[in-house]
Amino acid sequence: MRSVLIAGNWKMNGNMQSVIELVEGIKAGDPGKAKLAVCPPAVYLMKVGGMLDDSGIALGSQNVCDHESGAYTGEISAAMLKECGCRYAIVGHSERRSHYLESDQLVAARFAMAIAVGLTPILCVGETLLEREQGVTEAVVARQLDAVIELSGIGGIAGSVIAYEPVWAIGTGKVASPEQAQAVHAFIRGKLAAVDSEIAKRVQILYGGSMNPSNAAELLSQADIDGGLIGGASLKADDFLAIARSVQE
Ligand code: PGA
């Protein structure tokens, strides 16, 4: 069966001191049955990676460049992230798509670069509130997935984690209901199953968007929800660990 991953997306928060305290807090606590990953701001990857050595907690980046190397000021290559100890790389987060205008094709290219060096991309997909109201949630998610499948094939998806993050639920306190989330997760798995049922069964699909210790258990008990990508609540060690411990099984 699929294992459960609880990944913290720290976004652009914290400073050296708070990052150290957060890692120490997470390491000292009990994550229950879940596997943990943290995705700090890039400048803290080396520091956090060093602190996580032998902890069983994985390191991830918040993005990855769509090129191998060269004149791409401000970007960080997949190989560099690998060298920093990353196992995961978030790609296509809605904040990248909306604030930095990352297209489905750019996200797919970033995804492909992560796969090429053996990083596991955490591919974020999800609809805006307007798109949900217009009834095009599945079409949007399908389009975002198709761009990746077109470039990396279903084999690429096999080496990835998918995160369904409804944009209207991110950082808003408005969590998707377990039924709403499960419906989209089932849609994603069904879409993948139409191409390769074995891969569809294996791939982890995380939910993200205002997940916290009080709503996590119900979300994580859904058949197709295999973990969480946690923003705000991952900045407090106790909350992050409480979410992890709410995994049943
Ligand atoms: P949130 O963020 O938990 O603060 O809503 C989730 C995410 O953006 O990954």
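Which residue has a polar backbone atom 2.6 Å from an oxygen atom of the ligand? Select Gly171, which holds that atom.

This is a predicted model, in which local features need pLDDT of at least 70 and side-chain atom pairs count only at pLDDT 80 or more, while totals for chains, interfaces and linings use all residues. Residues are numbered from 1 along each chain as its sequence is written, and side-chain values use heavy atoms, with hydrogens and water left out.

**Stop 1: the ligand**

Select the ligand and its shell of 13 residues; a residue is near a molecule if one of its heavy atoms lies within 4 Å of it. The closest are Lys11, His93, Glu165, Gly171 and Ser210. By type, the shell holds four nonpolar, seven polar and two charged residues. In this sorting Ala, Val, Leu, Ile, Met, Phe, Trp, Tyr, Cys and Pro count as nonpolar, Asp, Glu, Lys and Arg as charged, and the others, Gly among them, as polar.

Next, show the polar contacts (pairs of N or O atoms within 3.5 Å; within protein, one must be able to donate a hydrogen and the other to accept it, and residues adjacent in sequence count only if both atoms are side-chain atoms). On Glu165, a side-chain N or O atom is 2.7 Å from an oxygen atom of the ligand. On Gly232, a backbone N or O atom lies 2.8 Å from a ligand oxygen. Taken alone, the ligand exposes 280 Å², and the protein buries 95% of that; such areas come from the Shrake-Rupley method with a 1.4 Å probe, and for residues only the protein chains shown count as cover.

**Stop 2**

Select Lys11, in the loop between strand E1 (5-9) and helix H1 (16-28). Helices (H or I, at least four residues) and strands (E, at least two) are DSSP runs, numbered from the N terminus. The phi of Lys11 is near 50°, a positive value in a residue other than glycine. Then go to Ser210, in the loop between strand E7 (204-208) and helix H10 (216-220). Ser210 is not a glycine either, and its phi is positive, about 55°.

**Stop 3**

Colour E1 and E2 (residues 35-39), which run parallel and are joined by five bridges; two strands pair if DSSP finds at least two bridges between them. Ile6 stands opposite Leu36 in E2. E1, H1 and E2 make a right-handed β-α-β unit: with the strands pointing away from the viewer, the path from the first strand over the helix to the second runs clockwise.

Ala37 has Ala58 as its bridge partner, and Val38 stands opposite Leu59.

Gly60 stands opposite Tyr88 in E4. With helix H3 (residues 78-83), E3 and E4 make a right-handed β-α-β unit.

**Stop 4**

Is His185 buried or exposed? His185 counts as buried because its relative accessibility is 0%. Select it in helix H8 (residues 178-193). The His185 side chain reaches the backbone oxygen of Asp224 at 2.9 Å.

Finish at Val203, in the loop between helix H9 (197-202) and E7. Val203 is buried, with a relative accessible area of 3%.

Conventions:
Buried means under 20% relative accessible area, exposed over 50%, partly exposed in between (1.4 Å probe, protein chains only).
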